[in-house]
Amino acid sequence: MSSSESYDLENGEIAKSVSPEKTRDQPLLRSEDRLLSRARFPILRSFVENVRKVVFETKLFVLYPAIPMAIVAQCYSFGRPWIFALSLIGLAPLAERLSFLTEQIAYFTGPTVGGLVNATCGNATELIIAMFALHKRKIYVLKCSLLGSIISNLLLVLGSSLLCGGIANLNKEQKFDHKQADANTLLLLLGLLCQIAPLLFNLQNMDSPKHDGSAVLNLSRTSSVVMLISYVASLFFQLRTHRQLFGSQEDEDEADDEDDKETASVGVRSAFIWLCLMTIIISVLSEYVVGTIEDASETWGLSVSFMSIILLPIVGNAAEHAGAVIFAFKNKLDISLGVALGSASQILMFVVPLCVIIAWIMGIQMSLDFGLLETGCLGFSIFLTAFTLQDGSSHYLKGVTLTLAYVVIGACFFVQHVPFDE
């Protein structure tokens, strides 16, 4: 390679920056030294710069020590409530950095795919928690954590995003493209039907002498297959056939134009690598949380139902929560909706039926009957969210309504003491 070429370290391309005439008469040794300084040391400088931007450019970096402390506490079998608390603290900076990386990816992919990436990586935690609970045959914790995660995304994550976005943008009306919200709402309503049907069937035939639960189980497995097919169809619809309907909204005012001119500070390849790494760490800490939830519940005097439906989903949705709020602050509601609604529909239409199918394969009886109170709260959350987003605009009062609705549901499960019986 000639001395006139230098590497674009992020994209793997070769860029010509020095003319051959300027280096023709220089000694070969100096030319080789120049190549080494341009090829090797820039790689090191690029790595250090990536670490600085991704790891340390956050005010929450002081919480990073909680991550190794949680791992050490788990390895040496310290007090399990301590493991629970340290894992919760360690998840906070990782969630914020995950939202930063998703924003970097959104510069290259657009808000729709960016929101899908954030929802997918954030829901890796829920999926690992579900598999862990399923392996331990903790079906009650599994159902409550997944249901709570959906409700948390619809009311807490989306509500706090609309609230913070409305307060930060009081002088201008926040608008979003409702096509994306409509598509996710349709999925959520279909998933609600698939959960209501086994519940109603179970309630109707509860007093029947022939009712042994097998019919509800078969109905749940059939509905799970339908849910998976509809989720795959929605992905094909959004990312393939009707991709143009989910493009970014073009803003007309000057301030938004300046936002559109921003450039990514981390390359797309580096962002994906860091995204995968931090998702793995978040999953490990979340697994610690699940393993110690019963001991923490007994020590702190909180019911397992409240911990599973409220506290555990808040931890699992920390990544989505931080990302959606930050995007709303920057008046990027399309990405916030993609994160919150995309995550909720992904859990309901992919993670929940997948758990039913895997439980079927493992010989575990898991149905879509989540209980009357739980399903009622889910239905109310979906309908309230649909009415909130129907006009394609947002203000802080909508965020207040959704957030307070989540508080009411949380209080409901706080006073409900369901015995932990698997």
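How are helix 14 and helix 15 oriented to each other: roughly parallel or roughly antiparallel? Let me get to that after a quick word on the model.

What we have here is a predicted model, where local features need pLDDT of at least 70 and side-chain atom pairs count only at pLDDT 80 or more, while totals for chains, interfaces and linings use all residues. Residues are numbered from 1 along each chain as its sequence is written, and side-chain values use heavy atoms, with hydrogens and water left out.

So, confidence. pLDDT is the predictor's confidence in each residue, from 0 to 100; the protein chain averages 77, and 77% of the residues score at least 70. Watch residues 248-261, where pLDDT stays under 50, and residues 418-422, where pLDDT also stays under 50.

On the overall fold: the protein chain has 15 helices and four strands, taken as DSSP runs (H or I, at least four residues, for helices; E, at least two, for strands) and numbered from the N terminus. Of the 422 residues, 50% count as buried, meaning under 20% relative accessible area with a 1.4 Å probe, protein chains only; exposed is over 50%, and partly exposed is in between.

Back to my opening question. The axes of helix 14 (residues 372-388) and helix 15 (residues 396-415) come within 11 Å and cross at roughly 175°. Those axes are lines fitted to C-alpha atoms over the stretch in contact, with angles from 0 to 180 degrees between N-to-C directions. Helix 14 and helix 15 are therefore roughly antiparallel; the cut-offs are under 35 degrees for roughly parallel, over 145 for roughly antiparallel, 65 to 115 for roughly perpendicular, and oblique for the rest.

Now helix 7, residues 214-241. At 1.5 Å a residue, its 28 residues should span 40 Å, and the end C-alpha atoms are 39 Å apart, which agrees; the expected span is 1.5 Å times one less than the number of residues. Its buried residues include Val216, Leu217, Met227 and Tyr231.

Ser394 sits in strand 4 (residues 393-394) and is buried, at 5% relative accessible area. Leaving aside residues up to four places away in sequence, Ser394 touches Leu162, Gln174, Phe176 and Leu333.

Then there's Asn331, in the loop between helix 12 (318-329) and helix 13 (333-362). Its phi is near 60°, a positive value in a residue other than glycine. Most residues other than glycine have a negative phi. Asn331 also counts as buried, at 14% relative accessibility.

Technical notes
Contact means heavy atoms within 4.5 Å.
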